[in-house]
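Grab a pencil and let's work through a few exercises together. Have a look at the sequence and the 3D structure first.

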Amino acid sequence: MNVSIIGTGYVGLTTGACLAFLGHKVTCIDTDDNKIAMLRSGKTPIYEPFLSELLVDAQPNLRFCTRLEGAVQDADVIFIAVGTPPLPDGSPDLRHLSAAARSIGQYYAGNFTVVVNKSTVPIGSGNWVDSLVRESYEEHHGHKANGHFSVASNPEFLREGAALSDSLYPDRVVIGSDDERSLETLYTLYRPILDQTFAPPPYLPRPEEVGAVPLISTDLASAELIKYAANAFLALKISYINEIGQLAGKVGADITQVARGIGLDARIGTRFLQAGIGWGGSCFGKDCAALVSTAAEYNLGMPIVSAAREINKRQREHVVEKLLGELKILKGRTVGLLGLAFKPNTDDLREAPAIDIARKLLDRGCRVRVHDPVAMERFQQEYGDMGALCCAAPEEVADEADAVVLVTEWHHYLELDWEAVAARMRSRILLDGRNALDRARLRRLGFHYLGVAG
Ligand code: UDX
């Protein structure tokens, strides 16, 4: 099938690489010349494990361009995968989505095509995109669009850092459309994934437990709501364990054991119960905020989702309070932060707890030393003027430090030479923001180890 994908962010690029790998003819379009130039020269604009390898394997079926013109006319499916970042009031900024829809209308030539909303968009956007494409078509052609196109919703559930594996071996595929032919087209597109008939790339082997993938086909609004409801549920699962973690700290319980004890109840499940600094990234915060703001349009409060957001905010403040509790005075102190990315295996800094924490510490007069195995360059570009000192090696954040905080649980940090870290510090306060380190060993090495709860 001929597939065009508008937007080469995490979602668009991952989707494009996977579909091209499966044998579809894919055109990835982005208005950012630099990004397209990078991709054409074989470089990836984002850090995502195995993406470079998959792009090489998919290359015969993949092309990159900055213009939509030629990519609309022959496309069986057009994915819109542009960014929908949050506006100050929590609602998503739909400017890119609207521009993409209007461009599709401009170049649409009357062939059968499915326009798919892959970006996370507010409930009701499917209908809105449909009307934008039609309006723009009329403006540019002087008559109504008489060909057959329809808009479908196909939300993604990929996690950064595991994006390719989540795309090739998903738990489910959700397709929302009110048009039978569009559903069939998307079913054909995803068939190799649904039936798991493709030969896996050697670097992304099929997990043993993966069988046929369930397809959920729904109306548009349901598919749109599924995406928000799934992310909000995961976010509140984390906030729930963080709330319990706060109590665990007060009563002297071990939150890691508590999480395991409740998670092994199959009705609850062990995943997304890792207590710590809380969630960051481009989705959870944005989607929870959008859900609350959509509900408000219907005069509906969403107290559970709102509470999840509050607790997440509190976790970050708690890190600073905890350091204050230990150090008594923050002004003039040096704090080392291990990890900047919002989670391991990505260089994404969107809503990363490290940024918030660094800012809070700097505001209180601390010197802040930071390190990240892959996000350092991005940090320097985006937050270079913040005042934090970037260190070339992780141990260097500990130089003359009064405290070190593990912010992102990169594997590399779990295996660090902690003896060397201890030797460099002024006082050996170690705040494990992810409850991920071997606390008994660290205590033996002379650290004053603190978990994030309690
Ligand atoms: C998320 C969803 O998982 C994905 O399905 C959706 O499509 C996009 O949003 P992502 O933001 O890439 O993916 O990361 P995810 O792995 O879900 O982690 C989100 C945040 O939660 C990270 O900051 C992570 O550190 C934190 N987290 C995760 C916890 O604090 N505890 C946990 O137990 C799990």
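Before we start, here's how we sort residues: Ala, Val, Leu, Ile, Met, Phe, Trp, Tyr, Cys and Pro count as nonpolar, Asp, Glu, Lys and Arg as charged, and the others, Gly among them, as polar. This is a predicted model, so local features need pLDDT of at least 70 and side-chain atom pairs pLDDT 80 or more, while totals for chains, interfaces and linings use all residues. Residues are numbered from 1 along each chain as its sequence is written, and side-chain values use heavy atoms, with hydrogens and water left out.

**Exercise 1.** Describe the lining of the largest cavity.

Step 1: On a 1 Å grid over the protein atoms alone, a cavity is a set of points where a 1.4 Å probe fits but cannot get out; a pocket is an open set with protein on both sides within 12 Å along at least five of seven lines; lining residues have an atom within 4 Å of a point.

Step 2: Find the lining residues, which are Asn117, Lys118, Ser119, Thr120, Val121, Ser153, Pro155, Ala223, Glu224 and Lys227.

Step 3: Sort them, and you get three nonpolar, four polar and three charged.

**Exercise 2.** Now do the second largest pocket: how do its lining residues divide?

Step 1: Its lining is made of Trp279, Gly285, Arg309, Glu310, Asn312, Lys313, Arg316, Glu351 and Asp356.

Step 2: That gives one nonpolar, two polar and six charged.

**Exercise 3.** Is Arg434 buried or exposed?

Step 1: Buried means under 20% relative accessible area, exposed over 50%, and partly exposed in between (1.4 Å probe, protein chains only).

Step 2: Arg434 has 10% relative accessibility, so it's buried.

Step 3: Zoom in on Phe342, whose backbone oxygen lies 3.3 Å from a polar atom of the Arg434 side chain.

Definitions and conventions
A polar contact is a pair of N or O atoms within 3.5 Å; within protein, one must be able to donate a hydrogen and the other to accept it, and residues adjacent in sequence count only if both atoms are side-chain atoms.
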